Structures are given as structure tokens and as C-alpha cells.
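This briefing is for a reader who has not seen this structure before.

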Amino acid sequence: MKLNKIILPVMACALTLSGCYDEKMEWGKPDGHGDVNISDIPLALKEKLANYDYIKAYAKQYAPHMTIGLGLGADQYISDPQYKQVADDNFQLFTTGNAMKHQAVVKSDGSLDFTTIDAFLQAVPTDIKIYGHNFLWHTQQNQNYLKSLIAPTMKVESSGGVANILSGDATDFNGGTTGGWGSWGSNKDSQTIEEGAGSDGTPCMVLKNLGDGNAWEAQCGYTLSDFLQVGKTYMIKFKAKSTSGAGYLQFQYQNGTTYGSQGGYNDFNIGTDWNDFEYEFTPDYEDINRIILNFGKVGATYYIDDIQFGLKVEDPMTNVLSGDNSDFEGGTKGSWGNWGNNSTTSVSASGEGYNSNYCIVLVNPTDGSDYYAAQLAYTFDDPLKVGETYVIQFYAKTSLTGAGVQFATQNSNDYSGEGYHAIPLSSEWVLCEHEYTCSKEGINRILINFGKNAATFYLDNIKFGVKKATARALTRGTSITYVPKSAEEKKAALLSAMEAWIKGMAQHPGMERVTEWDVINEPIGDNSKWRGFDNTFMDGDSAPVENEESGLTLNWGNEAGNGHFYWGYYIGKEYATKAFEYARKYCSTGTKLYVNDYNLESSPNKLAALIDFVQYIEDNGQEVDGIGTQMHVSSSITKDQVDAMFKTMAATGKLIRVTELDVQVGTTTPSAEQLATQAEVYQMIFDSYRINVPQAQQSGITIWTLTDSKKEHEYWLPNDAPNLFDANYERKHAYKGVCDGIAGKDISEDFSGDDWKNAYETEGEETPAE
């Protein structure tokens, strides 16, 4: 068998037993012996390590029933040729450390990004297996997306410069009633509420006209509780479409008792696509209390949704922004600039702005640590006045309901700031306002911070200036309320998201190569209870708290970007069964499905709880193929502990896999003695696995990360040297321990100087004369 090794020049010189430039090594002749032959020379540890074949060669020779794997960083594997070569040469299976986890793949809108996974699949040789890690965990989940699914529904009561006095079904008909809108007239056929017919798939009001006639021969009206104010400007806004391209609606007002004081007539041409319509008027009469939509002129069916009516919202400030700095109608961003988090800004296509036309579009590609991670900024020539009250106003919406922006001000020279104010947004345009009093010298910049959530934000008609002395009491142009979801609604939303996630991963082209999956990772807490139940969370985490004003607040650690999410907290124990149900349904036939956890070697109670967890899943109709034990251990782990764990696991009859093995030594500069102990522990674990787990149940062992380099240990065990290769890809003593553990013997016992000679010759060099 050809020996693949690292040839050390000094060692190669030893083969000659004679001069080799200045690196000559002298070998003494023992008393009473003849000349020393090459085969008699004992090999040092470095020589032995260099003489070992690749790890997977011994796996094929001595343990063909199991696979020896490596946990690695997909990005480093793709980008670093040396890293890839050493990994390819030695291992039969790869597990990506992060690339296949929920947070790495699922975007904030629920779509899946396979960029890294596709590149990884393309790079991995086809004879190397890929292990899926993982479907569900309690961390590294896209918390913002999952949170948005269970957050209270944000209900926008008004928008578009209207202080809306309508509410509930009178505005959106989502409760299934007309909300007080009544209809009559000789040309009226029907007035109904149709589920799913609205502009956004929700209910809307449907008015059917018998045929062509006068507009007033079919009317739909709403009677107000108070009279309109003479001399004040009112506005009506609504969305509508028709079954006829020549559809026609007419607005009017009147007194609901006498039918007098009529006026305000305005015609709307209604086509077959949903469009926004608005009209403003100033009443001349003191007894107007009814608004009407006349639909009798053109025989057609009219769909009407999102009706807003009330006083027109006037500017509360003397606006100092103009042109593209305000409305972007010139097709540029004006003097607005942005930076942070690889965010981008651009001007929208025509028709995407508020009331059509243009707006500015802010794209934050990934969740940031806070709002300030991405910023939109406008800098003034002169600073704001201390003590002066200013108003910011703009229309906005977002691609991710519940995401928001933050207003702030700043000194552009020293970057000190103040006036921070968060503004929640929805998928519909809302009028956002905030009043701010300057208290610091040198403030000359206003900011719209948008870096907290990965989402797209649309802003239009930005106004900023000194508050008018006679301005109205400042209120939001929109009234936003929150309607909490029921427990069943949250469960249904998360189960749907779980199924979509598992299906999307399992059925993505190329993922059929993944024939083993960690379906649920670390389901048991260190107290041996299910995570997410009975106050069993990670350190620093606690149960979520809801409040109506801010929506759902997760108290699972630092909320921003930590990825903590406990599926079972909302779904119940059924989450485990459902995860296996979906994995079995969508993964390729024959895929082996595992649960995986840590500290099983040191906590018999936790191991017992994990086995009970598996039994629960199977008692409820799903099959678990295997159990994974991570085995992030220290050099102090004992053989008795490891033997006991493997025996208990083997008794389940399941496939058993060591999924994340590393052996810590407690320092980045271990001594020779510490390295020898580390090698003994690696070998002991392989020996125990081979002896205590029947071959039919031996899925294999995966080593967690390749080398001791800082690049691989920036976050994981940063102050240790737990791997088989050092930072320069040189084999450590532990490499020998693993190979010997696979073989069940000291492979190097028969190594001699002849091996060096043969190896030297295979390099294509002329062997020096002895």
C-alpha cells in the first residue's frame, strides 16, 4: 500500500546513514551488534505520523460499515484550496457547521437562499457524503421571520393624509359585515361581502348594478354620528375595481334624514384592475352627515375595499425639504445618502410610490444589531436650533410586516445623536409623524435608521421642518392597533412555516445527496427536560411576553439577531412528531433521520430523557432512525463514562452516530504530554464505539472542525486546540489516535526505516547510496 505522508527533509536524510549536507544524522552502533540496517531504525512520532495513510483509507480497510466525517465551514471549504484538499483526502462525509441551518437559509420574508449551499454541493466530490445539520434547533433560527408569523396583526385604521373616522368593517370589511354601509335604489341588484375578493385577498364589499342608468339609481351610503364641519377639508379614499372597463362610481354627500344639502359630486372611472381613488372637498352646509358612493350609471359589479374618510391631514410643519429630497419625482435620491450593513437605496419604478409615481427604496439585506446598522441620512448646511421643536413626516411601508424604522438626529462631525424614536410599519402605506425638540448644539443631520430587520422599506413625501405655531395637535396620520393571534393561530402558522422550510430544503436540487439529517438538534435541556417547556430555556432566556402596543416581544436572550426560538413553546410537544413527519414526507426515500444532543457522555439523566424523547415521537406515529451524540469532551473524560453512554444508546436498537467530536486540552499551546493525552482520548472513544455499538448500528463518527487555526475557532473553542491538525495543516498526535482507533490497533507498530525508504522512492527521487 502506498503511504501518503508529509516528507520532512531532515528525516529523509536519515535514510542514508551517511552524509547529507549539514543535516547529517549519526546513528550509533549498539555494542555487540553488527552494522545497523534501515529496517532496524525505530521511528520517532513525527516519522510515524508522516507514515500514516489518510484517515478514510483506514476507514475503508478496517471499518467499511461506517463513515468517518468532518464538520467544516462551508465558506472556508469553498474558498480555501488547501483546506478543501486536506478535508477531501481524509474524510468520507461532511457536515456543514452553519450553512444548512434555518438562520443561514431562511430570509426574513420566508424565502430560502441556497447560494452557499449550491456552491458547496458543487465543490464536494460525489464520492463524499453530506450530512444534514439541521432542520430544527432552539437557536440559529431566523427569529425575525418566525416572530412575524406569530406577532399580533397590525391593523391600520387610516392612512394617506386622512384622519379616518371609520373603523372596523366600515373600512376593511374583514369581519364579514358591511360595517354600517347600506344600499338602495331602483338599479341596485345586491350588496354583499365576499371572502377573499379584496385587493389583498381579504373580504371586500361587492355592489352589483342591474344595468345602465343614472348614477343615483343605485347608492351605497354611510351615515355618520356627527355633522361635518363647515370650512374644513375632508378626504375620502378607497380601493375599487369593476367587471367592466367602463365602470363608474360617483361620490356625493347629503343629510341622511332630509336628503337635502347635497353636493360634493365627483366622478371616478373604475377599470377592471384594483386602483386607489381619492377625493377631497370642503362642505358648505352645516347638516351633512352622510357620504354616498353612487353605482347606478354603468351596469357592472363593483368591488370596494379599504375605505378611509375624515379630515384631511394638513402639514404640521414648515417643510424645508423640496423636490427629490421630498417626493423623488425627478427620479433621483436628491441629497439623501445611506451606509451600513451592505444596505442599498434607490428610486423606485414609476407607480410604486405613495399614490403611484416614485419613492425611495431602502434594502437591508440581513438583520442587524439595531436600527442604526443601516442608515438613510440628510445633512443640512446649518445646524438645527437648540430649543426649537421640529416635525418629521413621511409615508412608508415595508416588505416585512412588523419591521420598522427609527428616526434620529446627529452631529455629522462627531456623530453624537439624539431624538431616537422607533416607528413600526406594515405592508400598507402609512403616514408616519414624530415631533422632536433639539437639545444639542451642532445637530445638522436627520436619519432614518432601517438596519434592524432584513427587509425592504419604501418611503415617500418626506417632510421636515419647524413645527407651526398654529399646527394641529400632532397625531399619527394612521391609527395602528394590534390584534393578538390565538394560540391555535400561532401553532398553525408555525407548523406551516416548519413544513415549508423542511420541504424547501429537502427538495432543493442537489439535496438528494443528503441521506442523513439531524431533524431536531439539542431538544433536551441540561436539567433533562424538553427545551421550551417548564421554563427550560438557554441561560438568559425566558418565556415570551406580549403586549398590545409593541406586539410580541421575545425575551429569549438579546432579542436582536440572536436566533433563539423554541418551536415547542408555541406548538407543544407535537412539534417533535411533526418535524419527523415532514422530514419523512419530503426527504428522499431511505434518508436516515436523527435526533442529536450534547453532554450525553457526562449526564446519564439527559441521555435517558433523550431516549424518552425518541420514544414519544415513535409512540405518536413517526420513526426515528438514529441518535446522535455530539461529544465535545475534555481530556478528563473517562472510559467508564464513554462505555456507559454507548452501551445505553446501543440498547435502543437505533443507529448511533458521534456527530461533533472534539477533545479539548484547555490551551492553544499544549505540551507534548497534553497532546499525547488528547490522542489517547480520541483513540479511547473510537475503541469504545467500535466495541460497544454493534456494527449494524454504527453510523460513524464525525470530527468537529479540521484544524486548530484561529479562523476555525473564532467563535467555537477560541482558546483551545481540539483538532487533529494544527493551524498549519500538520498532523497532530491525535491523528494517530483516530487512525489507531478505527483500526483497533497501533498501526505504526510495524513501521520501520524501510517504510521511509520506500516512501522516498515513490516521490520520484533517487535514493542515496547507503
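A residue counts as buried when its relative accessible area is under 20%, as exposed when that area is over 50%, and as partly exposed in between. By that rule, both F268 and F277 are buried. The model is predicted, and the points below are grouped by topic.

**Backbone geometry**

- Most residues other than glycine have a negative phi, and most peptide bonds are trans.
- The peptide bond between H133 and N134 is cis, with omega at about -5°. N134 belongs to strand 3, which covers residues 129-136.
- E522 is not a glycine, yet its phi is positive, at about 55°. E522 is found in the loop between strand 28 (514-521) and strand 29 (545-547). Its relative accessible area is 10%, so E522 is buried.
- T705, also not a glycine, has a positive phi of about 75°. The loop that holds T705 runs between strand 35 (698-704) and helix 15 (733-743). T705 counts as buried because its relative accessibility is 10%.

**Aromatic pairs**

- The count of aromatic pairs comes to 39, where ring centres must lie within 6.5 Å of each other.
- One of these pairs is F238 with F277: the ring centres are 5.6 Å apart and the planes are at 25°, so the pair is stacked. Planes under 30 degrees apart count as stacked.
- This pair links distant parts of the chain, since F238 is in strand 10 (residues 234-242) and F277 is in strand 13 (residues 275-281), 39 residues apart.
- F238 has a relative accessibility of 1% and therefore counts as buried. F277, at 13%, counts as buried too.
- F277 also pairs with F268: their ring centres are 5.9 Å apart and their planes are at 70°, so this pair is edge-to-face. The cut-off for edge-to-face is over 60 degrees.
- A cluster linked by ring pairs is made up of W336, Y378, F380, Y390, F407, Y436 and F464.

**Charges over rings**

- K297 places its charged end over the ring of Y248, 4.3 Å from the ring centre.
- The charged end of K606 sits over the ring of Y598, and here the distance to the ring centre is 3.4 Å.

**A loop glycine and a distant alanine**

- G110 is in the loop between helix 6 (102-105) and helix 7 (115-123). Its relative accessibility is 24%, so G110 counts as partly exposed.
- G110 and A500 are 390 residues apart along the chain, while their C-alpha atoms are separated by 8.8 Å.

**Helix 15**

- How many residues of helix 15 are buried? The number is 10 of its 11 residues, and the helix is mostly covered.
- The buried residues of helix 15 are A734, Y735, K736, G737, V738, C739, D740, G741, I742 and A743.
- What covers the buried residues of helix 15? The covering elements include helix 2 (45-51), helix 3 (55-62), strand 1 (67-72), helix 5 (81-90) and helix 14 (672-692).
- G744 follows helix 15, and its phi is positive, near 75°.

Notes: Residues numbered from 1 in each chain as written. Predicted model: local features only at pLDDT ≥ 70, side-chain atom pairs only at ≥ 80, totals over all residues. Heavy atoms only, no water. Helix = DSSP H or I, 4+ residues; strand = E, 2+ residues; numbered from the N terminus. Buried < 20%, exposed > 50% of the residue type's maximum accessible area, 1.4 Å probe, protein only. Phe/Tyr/Trp six-rings, centres within 6.5 Å; stacked < 30°, edge-to-face > 60°. Lys NZ or Arg CZ within 6 Å of the ring centre and 35° of its normal. Contact = heavy atoms within 4.5 Å.
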